[in-house]
Structure formats: structure tokens, C-alpha cells
Amino acid sequence: MGAELMMQAGDLDIEEALRRCAGGDDAALRAIYEREAPRMIGVAQRIVRRRALAEEVVQDSFVQIWRRAASFDAARGAGRTWIYAIVRHRAISILRNESRLELDADGDAAAAAAEENADDVVTKLSDSSSLRRCLEHLEERARKLIVLTYVHGLSHAELAAREGVPLGTVKSWIRRGALALRECLG
Amino acid sequence: MTAADDDREALAAEHVLGLLSPADAAAAERRIAGDAAFAAAVAAWRARLADLDQTAAPLPVGEALWARIRAGIAPPAEGVRASASAAETRRLSHLWNSLVFWRGLAGAAIAAAAALLVTIGLAPAPQDQPAFVAVLTTDQGRPGAVMHAYADGRVTLIPLEIAPIPRGRSLQLWSISTAAPSPVAIGLMDQVRTIRLDLGNLSPAQLRQRFAVSLEPAGGSPTGLPTGPVVMQGQMTPAN
């Protein structure tokens, strides 16, 4: 009964669920699936663009979460952050390794339409988010590059082509932006 | 803050943003394991940017995806993992034959294959649930990859905790059986990611139940037989 209630609750304790996964309790993995899978698909699809690939990312991620749950260390970060790091890592790895042709074949027209504007992403952050406040204080160019890279998995080369500047320039803009963001966020 | 601190911070930020090449990202992962300051910098960057994950619109997911995940975490049935009995081996061969036989036939053939599963005493698997699962384990006994074989003949291999493949090398997947003189190469991975395998080149008599992955020169073994170390292996078992 208690477990069922927890599965339906919006405020699932992910750290506790990961501890139960580490102990072999697959109901805890199911609880994470019910609570997080829709957004995990959303995060993956922003990066890999295609639904089928996004599902592959999320499938692989859950298998990894299950196998690696024992290595999760709450002292090093929140459970949700850990889970989404796995999803983004998997998605970006597939994005970088997949031949561009295959992605372009049926992905790009829809992808261009689906790509979000960096400022729109920032306005989706909660008003109380210090990340939002600090991103808004960044130089516009750095804000755009950092947000687009994080949410869509764009590479240095893609950013350079879009901005029409050399690779080294993009790298140094992002680097300066990241250090300023760290300064602001602490 | 020193220049070295700045470099560490910038590298950690680039890693979390996903800007590193696959080789550099793999190097960063190795550094996390051995460099506590770098690990802390990466963790701090993940925490700083995590709110951005919550700006992704949730998309509906169904039970089919959960069924695939469930099959991926299911432990192989005890006993079958140790060594399949002769009867089970025969049954597996029989099903393997049918898997390849039905592969490529559309629609009705899947129902027919499901019916065949019933006649040989196995529960029918839904179309998107694997009929067979193998967990390939490393020599330390850790799960390295999961193979799924579906009733329509598709076979996928999902890597779990495989170390990044060294530059200039490939991982090669082999099918092994005591009934045959040597392993048969059935797939090649240059990058650690999910691959789909084509087992259509195996004749029914060549279908095996044991699988192994070896480290080979890029492009696969030059001799047609495993030449490098076996990094993991495992046995196909019914998924339910």
C-alpha cells in the first residue's frame, strides 16, 4: 500500500528509489519510470530528434540505472541529476556516433522546426531558479551557446557553423561564459 | 583561481555540456574515476545546469517501452544460465531455427511464430518483448551487455558498462557452439552503443546459444577467428 502510494506520488524520493533498485527491488525502478520517463523522453528527443532513438536512449538509460544504482552516491549529487546525466550522456553518445546522414535523412526538417530558441528555454526555468537569474546575466551570445549546447547537444563545430565564426572563437566564448556562470552560481 | 583550476573547470563544463568528442569524453570519464577534484567539478556542473532538464516537455510513454526495459533487467533463469540441458538446447535450436525462418516475413508471420512458441511450450511473447535474453558478463562477473532476440528475428545488443573501445580497435561478437568447429563472427562494434545484428547469415545448423565479445583490430579479426581477449560472454535464455 505504502509502495503504491509512493509510485503515484509526484514527489517520489528518487534517492530512496535508487537505494531500493540497488537492493534488487524492481518496483522502485518502475516508480522512477512512472515519475520520470516522460521527461526523460523529452530530454532525449531534444538531442537525438527522433522518437525511436529517444526511446532507445531511455531504454538503455533505465537498464544502466538498474545496473549502476549501487554506485549512486547521494553525497555527490541529487538522484534526479544522476539519472538525467545518464540520459544526456547516452543521447549525446548516440548523436555523435550516429552517421549524420542517417539523422538527416528523416530528422532534419522536423528537427529545425522543433529546435527551441535559447531564450524560450530560459523563460521555462522557474522564476526562483538561480540558474535562470545567472543565465540572464550572461552575455547574450554565451547564454545562447550554452543553452543550445545543453538542450540540443550541438557540437563546437555546429555552433561555429551557425555563428559563422571559427571553432576557436566558439570555444573561448563558451569557456568564458561557463566561468562567468560559475562565478554567479557559486 | 589558478590557470590549472580554470582549465579543470572549463573541461568539466564542456564535458557536462556534451561538447567533448567521444574520445575526449571517454578520457574525462576515466579522469572522474581517479581525480577527486575533477569529479567534484563535474558533479557541481551537473547540479548547476540540472534545472535545464526540467524545461523539456514531458512526452507520453507507454507500456511497450517499460516491457523492453523490464526484459533488459530480468535475470536469466537459474539452471539455464549454468548449462542448458539437452532438451532445452534442442528447444532453443528449434526456436532459433524458427526465428530465422520467420525473419523478414511480415504481419501474419509474427502471429505464426507466436503460435509456434506455444506449440513448443513457451509463453507467447508480445511482438515488442524479446523472446530471448542474454546478459553478457565480464570475467569479473559484471554485466557488460544485454542481448535481446525478438520473435521476428531481430537481435539487439545493448552495452552496459563496457570501457570505451580503444582507438583503432573494434569489439567483435561471436556465436559459439560445441557442435561447430569454430566461433562465427556475427557483429562488430566500433563504438559503445546499441547495435542491431543480422543473424541471417547463420544457417539453422549453425545457430548457437552462446555468445562472446572479443577485442579485435579495427574492422574485426583479420583471421575470421577471435584473436584478442574475450571481454565478456553469456548464454541466451528464454525471456519469460
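These exercises work through the fold, a disulfide and the nonpolar cores of a predicted model.

**Exercise 1. Describe the secondary structure and burial of chain A.**

Solution. 
1. Count the elements. Chain A has 11 helices and 0 strands.
2. Check burial. Of the 186 residues in chain A, 50% are buried.
3. Turn to contacts with a separation of 6 or more. In chain A, 61% of these link residues 24 or more positions apart.

**Exercise 2. Find the disulfide and say where its two cysteines sit.**

Solution. 
1. Count over all chains. The total is 1 disulfide.
2. Name the partners. C134(A) is joined to C184(A), with an S to S distance of 1.9 Å.
3. The angle about the S-S bond is -75 degrees, and the link of C134(A) and C184(A) is left-handed.
4. C134(A) lies in helix 8 (residues 130–137) of chain A, and C184(A) in helix 11 (residues 167–185). They are 50 residues apart, so the pair links distant parts of the chain.
5. Classify each end. Buried means under 20% relative accessible area. C134(A) has 2%, so C134(A) is buried. C184(A) has 32%, so C184(A) is partly exposed.

**Exercise 3. Trace the largest nonpolar core and the contacts of L29(A).**

Solution. 
1. In soluble globular proteins, nonpolar side chains tend to be buried together.
2. Size the core. The largest one has 44 residues. Among those with the most contacts inside it are L29(A), I32(A), M40(A) and F62(A).
3. List the elements that give two or more residues. They are helices 2, 3, 4 and 5 of chain A, together with helix 4 of chain B.
4. Find the top contributor. Helix 3 of chain A gives the most, with 12 residues.
5. Follow L29(A). Beyond its neighbours within four places in sequence, L29(A) contacts residues including C21(A), F62(A), W66(B) and I69(B). C21(A) is buried, at 3% relative accessible area.
6. Note the other core. A second, separate one has 39 residues, among them V151(A), L154(A) and L19(B).

**Exercise 4. Is A56(B) buried or exposed, and which residues does A56(B) contact?**

Solution. 
1. Locate A56(B). It lies in the loop between helix 3 (36–49) and helix 4 (63–73) of chain B.
2. Check accessibility. At 2% relative accessible area, A56(B) is buried.
3. List its contacts. Leaving aside neighbours within four places in sequence, A56(B) touches R39(A), G42(A), V43(A) and R46(A).

Terms used: Residues are numbered from 1 along each chain as its sequence is written. Chains are lettered from A and ligands numbered from 1 in the order in which they are written. This is a predicted model: local features need pLDDT of at least 70, side-chain atom pairs count only at pLDDT 80 or more; totals for chains, interfaces and linings use all residues. Side-chain values use heavy atoms; hydrogens and water are left out. Helices (H or I, at least four residues) and strands (E, at least two) are DSSP runs, numbered from the N terminus. Buried means under 20% relative accessible area, exposed over 50%, partly exposed in between (1.4 Å probe, protein chains only). Contact means heavy atoms within 4.5 Å. A disulfide is a pair of cysteine sulfur atoms within 2.5 Å. A nonpolar core is a set of buried Ala, Val, Leu, Ile, Met, Phe, Trp, Tyr and Cys residues joined through side-chain atoms within 4.5 Å.
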